[in-house]
Amino acid sequence: MDGEPVIEERQRVLLGEVQGGRLVIGGVPAADLARQFGTPLYVMDERRIRDNCRAYTAALRAAFPRAQAVFASKALCCLATCRLAHEEGLLIDVVSAGEIHTALRAGVPADRLLLHGSNKTPDELELALRSGVGRIVVDNFYDLELLEALTARTGAVADVLLRLTPGIEPHTHRAIRTGGVDSKFGFGMVDGAAREAVARTLDVPRLRLRGIHCHIGSQVMDLEPFVLAAEAMMEFAAWMARAQRVTVEELDLGGGLGIRYLPADEPPSVEAYVSALARVVRTRAGEHGLPLPTVMVEPGRSIVGDAGVTLYTVGAVKAIPGIRAYASVDGGMYENPRPALYNARYQAVLAERLLEPATATVTIAGRCCESGDVLVWDARVPEPRPGDLLAVFSTGAYTYSMASNYNRYPRPPIVFVRDGRARVVVARETIDDLLARDIPPA
Ligand code: LLP
């Protein structure tokens with residue numbers, strides 16, 4: 001029946017509500033956002049980010065006497081997200097001078113920062129020491145040597161964690177696994193580097209060894225690898241107590257919990273994840289007679305990922321008979337490189353036509369000059385038309401933070417929505433921004 005809403009076939013949305021067939025996010029109609037701010041547009045539901053932060057804090061409080069959630073800012077680093085995570089009581093994980101300065105300018109006190117990085121420069125370490133970054137996570141012996149020299153020269157003292165590589169391979173994309181034996185990150189537990197790192201850190205007078213850290217990978221959809229990593233870390237803590245007479249005060253088990261990208265995805269809940277970790281830590285601490293450490297986790301994706309929606313305008317639509325239909329949008333791999341990099345999959349809907357049956361199979365292409373610039377292969381949507389508003393869900397993590405200016409496209413703005421109101425937190429890049437560092441030819 002033409003024009004009749006077909007409720008049964010309406011597309012399930014992963015964020016926001018459907019009102020009269022139209023997508024509404026944080027109380028603001030997607031179409032209004034597109035009109036007011038233009039497309040492509042990163043939209044973030046502020047309440048969802050806060051709820052995600054609170055889920056971690058509540059689960060950690062329920063499971064441990066002392067625990068701390070840390071926001072891995074690399075997932076979406078800007079003033080607004082650093083501020084918000086800080087307001088929610090999270091520490092901020094930073095990996096570069098750029099992320100340090102962003103968090104500091106967002107008003108996060110330096111002692112609430114935790115610095116990571118597999119190849120920190122002397123300048124970054126000096127900045128961290130000078131500004132009083134709370135924890136430096138030592139990744140390798142070069143870090144250790146630089147810190148030894150810097151603290152000796154400046155008289156500064158640093159609280160450090162050691163990043164260990166437990167040799168665990170979660171089932172996730174190769175590029176985002178980090179905890180295996182063959183990894184550029186951390187001190188290997190299997191090859192003995194971790195033990196040597198403990199001994200050498202204890203020998204550096206101005207370094208206070210607070211604990212140990214691991215991070216096994218990202219978008220991990222089952223709990224087993226986290227449990228195995230926690231086991232390995234607790235065994236190591238027991239060795240440290242026995243052989244080196246040092247207590248692991250802080251046990252940072254990294255980030256990596258997966259999120260829902262497609263309606264069928266079933267990631268473990270934050271509660272299930274934290275209680276799985278708690279079982280291991282409590283049992284092993286009991287067995288080895290260790291005091292319970294302060295347990296930290298460092299989520300990035302599961303704080304901001306499902307709070308994001310990217311809005312696009314459909315442009316060229318073409319069908320290759322018998323082969324495939326394409327609908328091109330005004331964004332692409334320059335603002336979301338994840339499909340091209342990791343074969344990441346997303347759900348796309350036509351944000352103004354949610355009650356229409358999804359009768360077409362259409363590949364949503366970006367506008368970069370590469371055949372590989374596809375955002376969603378074979379999306380099921382109503383027959384798209386130029387001018388349609390297209391929404392892609394769960395784009396809050398690793399999109400803006402990994403965006404580029406490929407083909408000299410300006411990066412989209414970020415808008416926070418909440419209670420029916422929208423505010424720009426990162427402005428749209430302009431052509432002048434793009435040219436600002438080009439030196440005009442003589
Ligand atoms: N801690 C450390 C030391 C990390 O390296 C990472 C992520 C996290 C925490 C946060 O992990 P999350 O909770 O977000 O999974 N660009 C890739 C993901 C790279 C993850 C890098 N490290 C992607 O788009 O899938």
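Let's start at the ligand, where one of its nitrogen atoms sits 2.8 Å from an N or O atom in the side chain of Y342. Keep in mind as we go that this is a predicted model, so every distance I quote is read from predicted coordinates.

How much of the ligand does the protein bury? Taken alone, the ligand exposes 580 Å², and the protein buries 92% of that. There are 19 residues around the ligand, and those that come nearest are S218, E298, R301, R338 and Y398.

If you want to find D306 on the screen, look in the loop between α10 (301-304) and β14 (308-320).

Now for the aromatic rings. Searching the whole structure turns up seven aromatic pairs. Take Y42 and Y400: their ring centres are 6.0 Å apart and their planes meet at 85°, so this pair is edge-to-face. What parts of the chain does the pair link? Y42 belongs to strand β4 (residues 41-45), while Y400 is in the loop between β19 (389-393) and β20 (414-418), 358 residues apart. Are these two tyrosines buried or partly exposed? Y42 is buried, because its relative accessibility is 3% and the cut-off for buried is under 20%. Y400, at 21%, is partly exposed.

A second pair is F141 with F187. Here the centres are 4.9 Å apart and the planes are at 65°, so this one is edge-to-face as well. F141 is in helix α6 (residues 141-154) and F187 in strand β10 (residues 187-188), so the pair ties together parts 46 residues apart in sequence. F187 is buried, with a relative accessible area of 2%. Rings also form a cluster: Y56, F226 and Y273 are linked by ring pairs.

Next, a few backbone details. P40 is in the loop between α1 (30-37) and β4. Then there are N407 and R408. Phi of N407 is near 65°, a positive value, and phi of R408 is near 55°, also positive. N407 is partly exposed at 29%, and R408 is partly exposed at 43%.

Finally, how confident is the predictor? The mean pLDDT of the protein chain is 95, and 95% of its residues reach 70 or more. What about residues 5-9? Over that stretch the pLDDT is below 50, and the stretch has seven contacts in the model beyond near neighbours in sequence. Where pLDDT is low, the predicted coordinates should not be read in detail.

Technical notes. Residues are numbered from 1 along each chain as its sequence is written. This is a predicted model: local features need pLDDT of at least 70, side-chain atom pairs count only at pLDDT 80 or more; totals for chains, interfaces and linings use all residues. Side-chain values use heavy atoms; hydrogens and water are left out. Rings of Phe, Tyr and Trp (its six-membered ring) pair if their centres lie within 6.5 Å; planes under 30 degrees apart count as stacked, over 60 as edge-to-face and the rest as tilted. Helices (H or I, at least four residues) and strands (E, at least two) are DSSP runs, numbered from the N terminus. Buried means under 20% relative accessible area, exposed over 50%, partly exposed in between (1.4 Å probe, protein chains only). pLDDT is the predictor's confidence in each residue, from 0 to 100. Contact means heavy atoms within 4.5 Å. A residue is near a molecule or strand if one of its heavy atoms lies within 4 Å of it. A polar contact is a pair of N or O atoms within 3.5 Å; within protein, one must be able to donate a hydrogen and the other to accept it, and residues adjacent in sequence count only if both atoms are side-chain atoms. Accessible areas come from the Shrake-Rupley method with a 1.4 Å probe; for residues, only the protein chains shown count as cover.
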